[in-house]
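Please open the structure in a viewer and keep the selection tool at hand. Each stop of this tour names what to select and then describes what is there.

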Amino acid sequence: MKILEVIGVSKHFGSLTALQDVSFTLRRGEILGLIGPNGAGKTTLVNLIAGTTPYSAGDIHFLGKSIRGLKPHQIGRLGISRTPQIVKPITDMTTLENVMVGALFGKKGKKRTVRAARRKAEQTLELLGLAAKSNVPGESLNVQERKRLERAKALAMLPTVLLLDEVLAGLNPAEIDEGVDLIKKVRDAGVTILVVEHVMRAIANVSDRVIVLQHGEKIMEGKPEEVLNHGKVIEAYLGKRYRALAGNG
Amino acid sequence: MKKIATVLVCVAVGVFLVWCPYLVSFYWLRILTNIFMFAILAQAINIIAGYVGYPAFGNVVFFGLGAYSTGILMVKFQTTFFTSVLVGMAICVLFTLLFGVPVLRLKGHYFAIATLGLNEATRAIVDNLSGLTGGGMGLSLPLRAGDIGANARYFYFVFYGTMLLSILVTYLLSRSRFGYACRSIRSDEEAAEGMGINTTKYKTLAWMISAVLTGIAGSGYAYWMSYIEPGVVFDMTIAIKSFVMFLLGGPATVLGPIVGAFFVEAVSTLTWSHLLNYHTGTLGAIIILVVIFMPQGFISFIRQGFSFSTFVKKGKKKFSGREKRIEMA
């Protein structure tokens with residue numbers, strides 16, 4: 001089932017074309033990887049979906065309805081959440097309060113009172129084994145606990161689609177493995193995920209499908225192992241000479 | 001247990017302050033009234049700067065707007081003080097609605113400077129509308145009927161009541177949906193927006209509440225002093241002083257700014273009256289010592305059992321970013 005449909009979207013900043021006629025669909029319950037060299041337009045695409053920048057042409061449909069002109073928080077409330085950094089809790093809040101914010105402002109959050117949100121957050125933390133850390137500042141958690149906290153937040157918010165923009169950047173290999181694990185677990189909780197990433201190992205590991213952007217255009221789409229070894233993609237990243245050396249495509 | 005102790009201490013202090021006007025001299029009554037006024041201003045800054053993280057340096061503009069609303073209405077239109085306060089509040093609300101969206105798009109220093117600009121511009125306008133405001137000559141308000149003692153007590157309770165209101169508002173705000181939205185915005189505005197928080201709405205509302213409280217203080221000041229001029233009620237030193245109180249007391253705590261106001265005013269009065277030649281130096285030195293030894297403000301210091309250990313901890317993790325301020329008990 002199609003959750004998110006990007007239909008021929010373009011974005012121009014003045015005379016600069018950041019995205020040109022990009023189309024793809026996101027199906028329920030999948031993890032879609034979005035890759036491409038620097039400046040390919042990945043973050044711009046995420047910005048368009050999250051509503052931070054308006055698109056110039058084309059349209060984006062969420063659950064069959066256009067999201068044109070909606071503000072980021074309206075899109076957030078519909079069920080598309082963007083997590084800029086999955087290991088960064090809200091500062092100056094306890095673990096419990098962090099999850100409460102998710103329960104208060106996520107999907108269905110408007111109907112919840114603060115008390116109900118607190119209960120929901122307590123349940124979620126209990127479920128993830130973080131209940132003992134409820135009342136310590138979120139920032140005092142270690143990396144592993146922070147990841148569990150992010151999962152709790154995502155669960156409390158109940159987003160339909162989660163946009164992860166380079167959330168694994170700057171982590172060491174062990175942390176990346178944990179991050180990949182976390183992304184999969186969030187998906188298993190019923191969230192559809194779009195991952196933008198530079199870390200190829202992670203992308204290959206986590207995504208069901210991958211799309212590749214170059215110079216604002218979609219050049220490839222398919223299974224990760226096919227896409228990552230395809231000549232066109234190697235060329236996009238490493239140039240023609242390397243493609244010839246690799247003797248591929 | 002700690003919670004009960006806090007409530008008991010607050011109630012005891014609150015009751016004592018109600019009894020105070022019948023105990024102390026007019027001199028101390030006046031000083032206390034002044035402390036209450038600054039406590040309101042510091043609390044108003046706490047709401048927008050402490051909870052939402054927008055350093056509204058130019059908030060004194062609402063003090064001036066409140067003062068001039070009361071002045072003009074009472075002098076030119078012969079309204080009651082109460083009516084003029086309501087109108088002043090309405091003007092502050094309109095002002096934030098008008099400038100909230102453009103100004104609150106700015107962040108950090110840029111926002112601070114923009115609010116400074118708003119204050120200077122408003123002061124210049126008030127200065128030049130001499131027909132209405134009396135310009136640089138100022139405006140003399142009608143004196144309140146009654147003897148000196150009754151008047152002193154009247155203003156004491158006006159400011160005391162408003163201060164209690166500001167504490168109540170902050171308390172309710174800190175534990176409501178609104179408070180959680182504000183604190184999420186302070187942490188990361190984009191992330192907050194992504195979590196479904198209408199940041200523009202909450203920022204503007206917070207600034208509005210802050211403005212209204214400041215406006216009430218301005219109205220009270222005008223009637224209390226019975227004379228206002230642009231240079232006095234749009235004075236940046238009022239803003240700076242309330243900012244110092246807010247920071248010393250403890251940002252984003254319910255009682256911090258109040259404690260800060262009491263401390264700064266009490267110390268400055270005491271140093272002024274006892275060390276006439278050295279009072280600014282002494283006050284400055286005391287503030288420096290407080291900042292060094294209680295970097296997170298009085299409230300954290302009290303919460304951590306009056307220990308200076310925060311200083312040591314703070315020194316070690318100097319570069320780890322913002323200090324943690326756990327929600328007040």
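**Before selecting anything**

Residues are numbered from 1 along each chain as its sequence is written, while chains are lettered from A and ligands numbered from 1 in the order in which they are written. This is a predicted model, in which local features need pLDDT of at least 70, side-chain atom pairs count only at pLDDT 80 or more, and totals for chains, interfaces and linings use all residues.

**Stop 1: colour chain A by confidence**

The pLDDT is the predictor's confidence in each residue, from 0 to 100. For chain A its mean is 86, and 97% of the residues reach 70 or more. Helices (H or I, at least four residues) and strands (E, at least two) are DSSP runs, numbered from the N terminus. Select helix α10 (residues 240–246) of chain A, where confidence is lowest in that chain, at a mean of 77. Then select strand β4 (residues 57–62) of chain A, where confidence is highest, at 93.

**Stop 2: select chain B**

Chain B has 16 helices and two strands. Its radius of gyration (taken over C-alpha atoms) is 20 Å, close to the 20 Å that the globule rule (2.2 Å times the number of residues to the power 0.38) gives for 329 residues, so chain B is as compact as a globular protein of that length. Along its principal axes, the C-alpha trace of chain B spans about 60 × 50 × 40 Å. A residue is called buried if 20 or more other C-beta atoms, placed from the backbone, lie within 10 Å of its own. Buried residues make up 44% of the 329 residues in chain B.

**Stop 3: select residues 256–274 of chain B**

This selection is helix α13 of chain B, which has 19 residues and reaches 27 Å from its first C-alpha to its last. That span is close to the 27 Å expected at 1.5 Å a residue (1.5 Å times one less than the number of residues). Among the buried residues of α13(B) are B:Pro257, B:Ile258 and B:Phe262. Show also α2 (26–51) and α7 (148–174) of chain B, which are among the elements that cover the buried residues of α13(B).

**Stop 4: select residues 31–35 of chain A**

Five of the five residues of this strand, β3 of chain A, are buried, so it is largely enclosed by the rest of the structure. A:Ile31, A:Gly33 and A:Ile35 lie on one side, and A:Leu32 and A:Leu34 on the other.

**Stop 5: select residues 143–157 of chain A**

Helix α5 of chain A is mostly covered, with twelve of its 15 residues buried. A:Leu158 follows α5(A) and has a positive phi, near 50°.

**Stop 6: show both chains**

How many residues of chain B are in contact with chain A? There are 21, in contact with 26 residues of chain A, where contact requires C-beta atoms, placed from the backbone, within 7 Å. On the side of chain B that touches chain A, α8(B) gives the largest share, five residues.

Note on methods. Two residues are in contact if their C-beta atoms, placed from the backbone, lie within 7 Å.
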